[in-house]
Amino acid sequence: MVNENVGSVRVRVPASTANLGPGFDTLGMSLSLYLWLEMRQAEQTVVHFAGEGFQGIPADKENLIYKVAQLVFDAAGVQVPELEIGMRSDIPLTRGLGSSASAIIAGMVAANALIGYPLSNDRLFDLATGLERHPDNVGASLFGGIIAAAWDGEHADYVRIEPPRNLKVLALIPEFELATTAARAVLPQQLSLQDAVYNISRSSLLTAALSSGRLDLLASAMRDRLHQPYRAALVPGMEKVLTEASQRGALGAALSGAGPTLLALVDRDGGRDEELEAFMQSVMRENGIEARTVWLEPDLEGAVCETGIHPDLFLELIKGELSS
Ligand SMILES: Nc1ncnc2c1ncn2[C@@H]1O[C@H](COP(=O)(O)OP(=O)(O)O)[C@@H](O)[C@H]1O
Ligand SMILES: N[C@@H](CCOP(=O)(O)O)C(=O)O
């Protein structure tokens with residue numbers, strides 16, 4: 001049964017950047033770009049969208065958010081077959097900023113709230129990782145901050161790290177899309193022992209550096225030989241940005257998730273923001289790629305849920321803006 005006191009729930013979920021270089025499928029950080037989702041029980045299922053990039057996304061029971069909500073209801077032993085869902089998002093899709101993870105977390109957190117929170121956040125994390133197949137993005141979107149996580153196929157162990165206070169982020173977002181499945185398909189099935197050691201050592205150093213605020217170590221700790229070299233051909237200009245960003249004012253740089261977004265970590269007091277931004281944009285221009293830069297913060301809250309709101313407010317606003 002639906003909790004009668006909760007007519008409608010609204011959640012705000014951050015975007016995320018996965019890997020941070022060497023922490024492939026392990027490290028994620030949430031970012032101050034958001035998806036808002038409202039959900040309520042309905043007579044008939046319908047999904048409304050506001051914002052760009054949702055062309056081709058199903059507005060019926062095929063929608064990812066409807067499906068993940070049903071997964072939560074099943075896990076809780078509750079039936080809520082028809083839902084009205086409204087969403088607005090500032091997170092660009094298929095750019096390496098974790099839009100699918102944000103959608104999964106939003107659907108799960110909203111569904112869990114709608115039925116009175118029977119599942120813990122740790123349980124939602126396992127369910128979400130089972131869908132996404134890697135815990136880095138979903139962990140960051142759910143818990144906020146930086147997440148170090150290990151997934152055994154059923155359960156994810158994790159530690160949340162508070163991002164260093166001085167850390168901010170410059171994202172260079174190309175106009176073209178790159179599906180995560182396509183960027184995983186180019187990865188090798190096997191690695192040499194040297195490359196494995198290269199990544200284990202840097203991923204460990206990076207986790208320790210982020211935990212202890214050693215920003216001076218990021219340039220070397222963010223280097224990677226597991227996925228970025230293989231994905232470089234998919235993102236023209238990437239190699240130059242990653243090699244030179246730390247000489248142009250970044251603490252370190254990485255491909256964001258599976259790309260194509262490139263990410264620079266920056267010291268708030270570094271004083272070279274304009275130089276870095278101009279450098280990253282010029283590399284994209286040299287390669288004939290249209291791209292925009294966005295300054296972001298690490299998000300500290302993760303998924304935030306509001307209940308008991310006026311039932312019609314958000315959905316009516318979205319429906320007024322555009323209909324699905
Ligand atoms: N809000 C959403 N509602 C429904 N599906 C979504 C939503 N956001 C993302 N998706 C799905 O996730 C896909 C993008 O996932 P992916 O290729 O992993 O890229 P990324 O997660 O880096 O943006 C989209 O093509 C779409 O199918
Ligand atoms: N660890 C994954 C992360 C994918 O992130 P996304 O934001 O591109 O979906 C990978 O590198 O494949």
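1. A residue is termed buried if 20 or more other C-beta atoms lie within 10 Å of its own. This criterion is applied below to a predicted model. Serine 99 has 23 other C-beta atoms within 10 Å and is therefore buried.

2. Once neighbours within four places in sequence are set aside, serine 99 is in contact with Ile91, Pro92 and Leu93.

3. Glycine 98 lies in the loop that joins strand E4 (83–89) to helix H2 (99–114). Glycine 98 counts as buried because 34 other C-beta atoms are found within 10 Å. Apart from neighbours within four places in sequence, its contacts are Ala15, Ser16, Ala18, Asn137, Ser141 and Gly257.

4. An unreviewed UniProt entry lists, under "binding site", Pro92, Leu93, Thr94, Arg95, Gly96, Leu97, Gly98, Ser99, Ser100, Ala101 and Ser102. The annotation may be inferred rather than shown by experiment.

5. As to the chain as a whole, the secondary structure consists of 11 helices and 11 strands. Buried residues account for 48% of the 324 residues. Of the contacts with a separation of 6 or more, 74% link residues 24 or more positions apart.

6. Concerning overall dimensions, the C-alpha trace spans about 55 × 40 × 35 Å along its principal axes. The radius of gyration of the chain is 20 Å, which agrees with a compact globule, because for 324 residues such a globule would have a value near 20 Å.

Terms used
Residues are numbered from 1 along each chain as its sequence is written. Chains are lettered from A and ligands numbered from 1 in the order in which they are written. This is a predicted model: local features need pLDDT of at least 70, side-chain atom pairs count only at pLDDT 80 or more; totals for chains, interfaces and linings use all residues. Helices (H or I, at least four residues) and strands (E, at least two) are DSSP runs, numbered from the N terminus. The radius of gyration is taken over C-alpha atoms; the globule rule is 2.2 Å times the number of residues to the power 0.38. A residue is buried if 20 or more other C-beta atoms lie within 10 Å of its own, exposed if 12 or fewer, and partly exposed in between; C-beta atoms are placed from the backbone. Two residues are in contact if their C-beta atoms, placed from the backbone, lie within 7 Å.
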